[in-house]
Amino acid sequence: MTRPILLVVTPFAPDALSVLRDDFDVVDWRTLADPVDFLARQGGHVTAMITNGMAGVPAACRDALPNLAVIACNGVGYDAIVVPWATARGIRVTNTPDVLSADVADVALMLALAAFRRLPQADRFVREGQWLTGPFPLARRFWGSRVGIVGLGRIGRLIARRAHAFDTEIGYNGRSRQDVPYAYFADVRALAEWADVLIVATPGGHGTHKLVGRDALQALGPDGVLVNVARGSVVDQAAMIDALRDGSLGAAGLDVFEDEPDVPAALRECERVVLTPHIASATMQTRHAMAQLVVDNLSRHARGLPLATPVN
């Protein structure tokens with residue numbers, strides 16, 4: 001009897017994959033010489049998939065895997081996975097919540113602090129010998145500022161907790177008011193108008209596409225700072241570039257972009273933007289924990305046990 005196939009769509013830890021070989025034949029989608037031929041010959045044997053929230057299920061696979069039973073998303077966001085489609089097909093979807101939330105919150109604060117205090121510019125100032133010619137220009141302090149958080153979920157709450165330690169005021173926007181000691185704003189524009197820094201931590205997907213648009217960026221203002229650790233799709237990137245260019249937005253700290261890894265030159269060349277290559281959850285400890293959770297979910301599925309972190 002042919003063993004079930006686990007189709008690996010996105011990069012995954014080799015040591016974690018070795019554990020899954022007890023239950024599956026593992027096939028790396030990215031190394032297939034002829035994916036169409038593979039799907040025609042072996043598609044019926046694929047019962048499980050590893051992907052992430054940006055890649056989702058490859059279009060060629062949508063109707064070519066009749067026995068796909070579980071999709072394990074290696075990440076907390078699953079916006080590229082069409083969950084209603086999976087549910088209608090009887091396909092279980094899992095993700096890796098909680099284990100990466102604290103790291104993402106750390107990076108959100110790191111980007112905010114770096115943008116306020118102009119850390120990359122200060123680093124270059126020393127490295128390039130400019131300090132010899134005079135002092136570095138004054139920057140803005142972060143403590144005591146108004147921090148607006150778009151999306152007060154697991155990550156947003158941890159961002160709020162960290163920001164509170166800097167004696168800041170916290171405000172938030174979300175689908176509903178929560179039982180928290182922070183100011184609630186019914187729309188993003190009102191939150192941006194109130195805030196000194198707007199930190200985007202809401203899930204991606206159709207419902208939040210360009211949620212932070214031109215109006216919100218204008219409301220944040222020429223002294224305001226935008227930080228995005230969510231998805232590039234949540235912010236209107238073209239409007240953000242325009243606002244940075246004309247000075248109607250003060251600065252930005254960005255870990256995610258609209259068309260990663262293609263970052264527009266307008267952002268790469270802007271002195272008022274701090275850029276990181278989507279590394280908010282990229283610590284050794286967290287990536288290990290994420291991989292272990294993926295393995296746990298797939299092993300549970302293979303043994304007919306309840307999933308550890310089901311989405312649907």
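This is a predicted model: local features need pLDDT of at least 70, side-chain atom pairs count only at pLDDT 80 or more; totals for chains, interfaces and linings use all residues.
Residues are numbered from 1 along each chain as its sequence is written, and side-chain values use heavy atoms, with hydrogens and water left out.

Let's stay with R245 for a moment. Its salt-bridge partner is D242, and the closest N and O atoms of the two are 3.3 Å apart; a salt bridge here is a side-chain nitrogen of Lys or Arg within 4 Å of a carboxyl oxygen of Asp or Glu. D242 is partly exposed, at 31% relative accessibility. Both residues belong to helix α9 (residues 237-246), and because they are 3 residues apart there, about one helical turn separates them. Salt bridges with shared partners also bring in R214, so that R214, D242 and R245 form one network. Helices are DSSP runs of H or I with at least four residues, strands are runs of E with at least two, and both are numbered from the N terminus.

R127 is exposed at 67% relative accessible area, whereas D123 is partly exposed at 34%.

D98 forms a salt bridge with R154, with 2.7 Å between the closest N and O atoms. D98 sits in the loop between β5 (92-94) and α4 (101-117), while R154 is in helix α6 (residues 154-164), 56 residues away. D98 is partly exposed, with a relative accessibility of 47%. Across the whole structure, a search finds 14 salt bridges. Side chains of opposite charge can pair when their charged atoms come close.

Finally, turn to G232, in the loop between β10 (225-228) and α9. At 7% relative accessibility, G232 is buried. Leaving aside residues up to four places away in sequence, G232 touches V256, F257 and E258, where contact means heavy atoms within 4.5 Å. G232 and D259 are 27 residues apart in sequence, yet their C-alpha atoms are 7.5 Å apart in space.

Conventions. Buried means under 20% relative accessible area, exposed over 50%, partly exposed in between (1.4 Å probe, protein chains only).
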